Amino acid sequence: MSIIEAKNLCFTYGINTPFEKKAVKDINLSVNEGEVIGLIGHTGSGKSTFAQMLNGLIRPTSGQVLLDGRDIWENPKEIRKIRFRVGMVFQYPEYQLFDETVYKDISFGPRNKGMNGDEIDKTVRKAAKFVGLSDKLLQKSPFDLSGGEKRRAAIAGVIAMDPDVLVLDEPTAGLDPKGRDLLLAQIMQYHNERKNTIFIVSHSMEDISRIADRIMVMNKGNLEMFDTPRKVFSEVEKLESMGLRVPQVTKIMMLLREKGYDIPDGILTVEQALYEVVNLLKREGKL
Ligand code: ADP
C-alpha cells in the first residue's frame, strides 16, 4: 500500500526575484509502506529540497505531498503533527543537539508527543540502543561526544519519535568508512524491526545499491529514473551523463562482460561479483 505520494510536486526558490531557481520540477511518484528509497543526484539536483517537502519543512510552490492519501498541507495549522509521522534527519544533524544531556536531547520528541515518564524512558533507551549509544553516554553532554556519537544521538532523537517515514539526508556524511558501515547497518537493523518507510539521500552508490529497494535519480530538479538498483545501475551512460557513477564493482563486471566474459548484467555487490567470477573460473576449468 502506498504511504507517500508526490503529485506534480514543484518547488521554486526566490519566486519573482532575480534569483528565482526551480529546484524541484513536477515530480510524480508513489512509495509503498516499508520501502527503502535511495535518493541520488549531483549536488544541486534538488534532493534536499525534495526531502524537506516530505515532512512539511518547506511548502511546495505547486503540487502536493500526500501521506496516506491526504495532502499534508490540507490544514497548514496541523503541519507540525506531520513531523511526528515523517521524521527528518539532516546532513550534519549534530548541530541540532542543544540539551544538557544526550538523554534529554533524545527525549525531546517523545515528550512533545505527550508520552509519560515511563514510556519516554523506554523509548529513549530503545532508540539509543538502535544506534549503538551506551547508557553511560546518555548522561553525558552532547558536546562531549565524538563526531560519530553526536550523529548517532541526533538520529536516535528522530527515531524516538517513532516516525512511519524516516528521511535521512546523507546520514553518513563525514564519517570514516568503518563508522559509515556501522551506522548504515544499524539503520537497516532498525528498519528491519520497525518496517517503516525510509528515504535516504547518499553520495555513496555502494551504500545505496546495498540497501535501497528503489532508487530515485534526480537531475536538475527532474526525477530522471525511479527503479530498482539493478535497473538504475545498468544505465551507466545515462548516469555518467548526469555526473553520477555506478558502484565500482558494477563497472568492473560490466567491463569484463564487454570483453566477452560470460558474466550477468547488474552486479551490485562484491559478494555477487565474487560468486560470479568463481563460477566463471570453474566453468572454464581454471578453479
Ligand atoms: P541537492 O540536495 O541535490 O544538492 P538542493 O535541493 O540543495 O540540491 O538544491 C537545488 C537547487 O536549489 C540548487 O540549484 C541550489 O542552489 C538551490 N537552492 C537550494 N537552497 C536554496 C535556497 N535556500 N535559496 C535559493 N536557492 C537554493
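Visitor: Where is the place of asparagine 55?

Guide: Asparagine 55 sits in the loop between α1 and β4. Before we zoom in, some ground rules: this is a predicted model, where local features need pLDDT of at least 70, side-chain atom pairs count only at pLDDT 80 or more, and totals for chains, interfaces and linings use all residues. Residues are numbered from 1 along each chain as its sequence is written, and side-chain values use heavy atoms, with hydrogens and water left out. As for the labels, helices (H or I, at least four residues) and strands (E, at least two) are DSSP runs numbered from the N terminus.

Now back to our residue. Asparagine 55 is buried, with a relative accessible area of 4%. Here "buried" means under 20% relative accessible area, "exposed" over 50% and "partly exposed" in between, using a 1.4 Å probe and protein chains only. The side chain of asparagine 55 reaches the backbone nitrogen of leucine 57 at 3.3 Å. That's a polar contact: a pair of N or O atoms within 3.5 Å, where, within protein, one must be able to donate a hydrogen and the other to accept it, and residues adjacent in sequence count only if both atoms are side-chain atoms.

Let's step back into the helix. Seven of the eight residues of α1 are buried, so this helix is largely enclosed by the rest of the structure. Among those buried residues are Phe50, Met53 and Leu54.

The residues around the ligand include Lys47, Ser48 and Thr49, along with Tyr13, Lys21 and His42; a residue is near a molecule or strand if one of its heavy atoms lies within 4 Å of it. By type, the shell divides into two nonpolar, seven polar and two charged residues. (Ala, Val, Leu, Ile, Met, Phe, Trp, Tyr, Cys and Pro count as nonpolar, Asp, Glu, Lys and Arg as charged, and the others, Gly among them, as polar.) Backbone atoms get involved too: a polar backbone atom of glycine 46 is 3.1 Å from an oxygen atom of the ligand, and a backbone N or O atom of serine 48 lies 2.8 Å from a ligand oxygen. The protein covers 60% of the 560 Å² of accessible area that the ligand has on its own; such areas come from the Shrake-Rupley method with a 1.4 Å probe, and for residues only the protein chains shown count as cover. Two elements give two or more residues to the shell: β2 (21-32) and α1 (47-54).

Strand β4 (residues 62-67) runs antiparallel to strand β1 (residues 2-13), and five bridges join the two; strands pair if DSSP finds at least two bridges between them. In that pairing, serine 62 of β4 stands opposite cysteine 10. β4 also pairs with strand β5 (residues 70-71) in the antiparallel sense, over two bridges. There, leucine 66 has aspartate 71 in β5 as its bridge partner. β4 and β5 make a hairpin with two residues between them, and aspartate 68 in the turn has a positive phi of about 50°.
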